[in-house]
Each structure stands twice: as structure tokens, then as C-alpha cells.
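Hi everyone, thanks for making time this morning. Have a look at the structure on the screen, and I'll walk you through a few parts of it.

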Amino acid sequence: MPGTPPTRFVFLGPEGTFAEQALNSIHAAERGSRTPARSVPEALESVRAGEADAALVPLENSIGGAVGVTLDELAEGEPLVITREVVLPVDFVLAARPGTTLPRVRSVAAHPQASTQCRGWLRAHLPDAVVVDVLSNGAAAAGAATGEYDAAICAPIGAGRHRLDVLADKIADHPDAVTRFVLVSRPGPPPPPTGDDVTSLAVYIAHDRVGALLSVLMELAVRGVNMSRIESRPTGEALGRYVFFLDCTGHVADVRLGEALQGLRRVCADVRFLGSYPRHRLPGTGERPIPAPPGLSDTDYADAAAWLARLRAGDLN
């Protein structure tokens with residue numbers, strides 16, 4: 001993060017959730033204060049109000065898709081920017097108080113999204129257990145710790161925090177599932193480019209213009225800017241009015257992405273810059289940065305600009 005590193009962090013609570021686990025992976029958070037928030041809007045509002053320096057909130061899940069409330073909050077209100085992303089494997093465990101055995105489990109506390117992602121395991125191993133919906137993975141672990149429920153589906157950090165025994169780990173039906181979290185702060189200069197960056201945008205298209213969305217995509221495509229994600233959300237103005245959220249490969253300091261942003265500014269009703277930040281790649285995935293297409297690197301742009309300057313000066317050599 002540019003400038004003074006953040007020292008006051010807020011995250012989507014309660015404690016013992018994947019959000020806290022993701023925050024623990026950020027070095028600066030080890031020395032700073034960490035406060036759980038009751039909701040994404042509450043977390044982001046604390047940053048806007050200056051009560052926290054940065055907020056860690058979920059943006060999307062590889063199974064459940066985008067987190068709509070986070071997108072809505074970033075598109076509306078006083079601007080905020082993403083300075084970092086954390087991609088965290090979703091490793092659900094079944095945890096219970098010490099001494100509990102699997103055959104004795106008759107009730108399981110779980111967040112609805114957690115129980116959905118573990119439906120197959122529950123059907124195979126606890127077909128007679130009653131699954132009780134709770135507000136979070138942390139609340140599930142807390143309920144199991146007090147004995148309100150026999151067991152909980154939760155994050156490993158939740159089991160450890162509440163001194164629960166892990167009866168089974170890696171119980172999700174999709175073992176490769178991940179959740180993408182973002183660290184959000186008040187506007188400022190973005191982190192310097194690393195050569196493997198993401199730029200996030202909220203784009204409002206001109207609804208009275210034929211092919212408005214196509215023109216947005218063309219501004220990116222003709223400059224070789226790879227779009228890794230596009231998501232639409234209703235603006236709330238009228239039926240059929242949407243804001244489009246884009247993730248693009250590259251950094252705002254890159255010449256080709258900078259030109260694409262200028263193009264979007266010309267053809268869109270509005271563009272909100274949501275940040276340029278390093279891409280988080282999980283170890284062992286084998287993913288590599290996508291190189292610029294031939295003729296579209298920053299060096300190529302600089303060479304073309306120098307050539308045009310010579311032409312304007314009358315130098316044809």
C-alpha cells in the first residue's frame with residue numbers, strides 16, 4: 001500500500017471466519033489492530049469515516065460467484081480503492097467439542113453457503129443430522145463450543161479459536177474452491193506496478209447508444225488488454241440499467257491500459273476506478289502473467305509515440 005502502511009484494520013466478522021484468516025496473511029495486519037465488522041457496508045463505512053485505515057471484505061467465490069453487496073458498496077458512495085487481493089482456499093472442517101465422535105453428531109451449525117458447499121459430504125457421512133442455519137462460520141463454531149449444537153462446519157481458524165476438535169477436514173464438495181478477498185482503503189496513489197497486476201473498474205454504459213457495451217470491450221481489445229472478469233449489477237435507477245464491473249490485466253501506469261482508460265472515459269457515461277494492485281496467485285497453480293501481444297508493450301507504445309513526434313517535427317527518417 002502506498003504511503004504510510006495501514007495500522008487499523010477492519011474485516012467482515014465475526015472472529016474465526018475465513019475473512020480473519022485472509023487478513024492474517026497480510027504482514028502489516030500482524031502488527032496492527034484488527035476489528036470485526038457486522039457487515040460489508042459497516043466495514044467499508046468505517047474506512048470512509050476514517051475510523052479504520054483499510055477493510056478486508058469478500059469480493060467473489062469460485063462456487064457462489066460475486067458478493068453483490070461488496071460490488072454495490074464499491075460502486076456507490078464516497079470512492080474507495082482496492083490496494084490488494086487475497087485468494088484463500090475454502091477449506092471447511094467439521095468441528096466439535098473435545099470428546100465428541102462423529103456417530104454422536106445429531107445437529108450441525110453452518111452458514112447456508114457453507115452447508116451448500118458441503119452438501120455431498122453431509123449426505124454421505126451425516127445423513128440423519130439436522131443442519132441449522134447460522135449467520136457466519138464463526139457463529140457456527142461458537143455455537144458448537146457452547147454445546148448449543150453438536151458440531152459446526154467452519155474455517156480451521158474458527159475451530160482453533162474455540163478449542164474444538166476437528167472431526168473431519170476438507171469436507172467441501174469442491175476441493176479447489178477459493179474465495180477472493182480485497183483490501184480496501186481511501187483513495188491514494190496505487191501500489192507500484194509489479195508486472196503482474198489487476199485493475200478493477202465500475203463502468204456505466206451510455207444506455208441511449210447502440211452497441212454501448214461492445215464499444216467498452218473494443219476499447220480494451222484493440223489495445224490487447226485482457227479482461228479477466230465482467231459482472232453486472234443493477235444501478236437501482238430503472239429496470240435494465242446496469243453497472244458493469246471489470247477486472248483487467250495490467251496496471252494504470254501501463255501505457256496501453258492508460259490509453260484504454262482514456263477510451264472508456266470518452267465512450268462511457270461514467271467510469272469509476274476501483275484500483276490497480278498485485279495479482280495474488282496461489283502457489284502450485286502454474287499460472288503466469290499474460291504477456292502483452294506483439295506491438296502492444298509499453299516499449300512499442302513509446303517507440304510509436306517517438307515516431308509520431310518526429311513526423312510532427314518534419315523528420316521523416
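Predicted model: local features only at pLDDT ≥ 70, side-chain atom pairs only at ≥ 80, totals over all residues.

Let's begin with strand β11, which covers residues 178-185. How many of the residues of β11 are buried? The count is 8 of the 8, so β11 is largely enclosed by the rest of the structure. As a reminder, in a regular strand the side chains alternate between the two faces of the sheet. Here, Val-178, Arg-180, Val-182 and Val-184 point one way from β11, while Thr-179, Phe-181, Leu-183 and Ser-185 point the other way.

Which strands does β11 pair with? One is β3, running antiparallel to β11 and joined to it by 7 bridges. If you want a landmark for that pairing, Ala-55 stands opposite Val-184 in β11. Another is β5, also antiparallel to β11, with 8 bridges joining the two. There, Glu-85 has Val-182 of β11 as its bridge partner.

The side chains of Glu-85 and Arg-180 meet in one, at 2.7 Å from N to O. Arg-180 lies in β11 and Glu-85 in β5 (residues 81-89), so the pair ties together parts that are 95 residues apart in sequence. Are these two buried or exposed? Both Arg-180 and Glu-85 are buried.

Next, Arg-48 and Glu-73, whose side chains form a salt bridge of 3.3 Å, N to O. Arg-48 belongs to helix α3 (residues 40-48) and Glu-73 to helix α4 (residues 68-75), so this pair links parts that are 25 residues apart in sequence. Arg-48 counts as buried because its relative accessibility is 11%, and the cut-off for that label is under 20%.

One more pair is Glu-219 with Arg-223, where the closest N and O atoms are 2.8 Å apart. Glu-219 is buried at 14% relative accessibility, and Arg-223 is buried too, with a relative accessible area of 12%. Elsewhere, shared partners join the salt bridges of Glu-60, Glu-85, Arg-180, Arg-229, Glu-231 and Asp-247 into one network. Over the whole structure, the search finds 17 salt bridges.

By type, the lining of the largest pocket divides into 14 nonpolar, 12 polar and 2 charged residues.

The second largest pocket has about 370 Å³ of space. Of its 18 lining residues, Val-87, Val-178, Arg-180, His-280 and Glu-287 lie nearest the centre. At least two lining residues come from each of β3, β5, β11 and β13. Which element gives the largest share of this lining? That is β11, with 3 residues. The lining of the second largest pocket has 4 nonpolar, 6 polar and 8 charged residues.

Methods. Residues numbered from 1 in each chain as written. Heavy atoms only, no water. Salt bridge = Lys/Arg side-chain N within 4 Å of Asp/Glu carboxyl O. Helix = DSSP H or I, 4+ residues; strand = E, 2+ residues; numbered from the N terminus. Buried < 20%, exposed > 50% of the residue type's maximum accessible area, 1.4 Å probe, protein only. Nonpolar A, V, L, I, M, F, W, Y, C, P; charged D, E, K, R; others polar. 1 Å grid on protein atoms, 1.4 Å probe; cavity = no way out; pocket = protein on both sides within 12 Å on 5 of 7 lines; lining within 4 Å. Points joined across faces, edges and corners; volume = space filled by probe spheres on them. Pairing = 2+ DSSP bridges.
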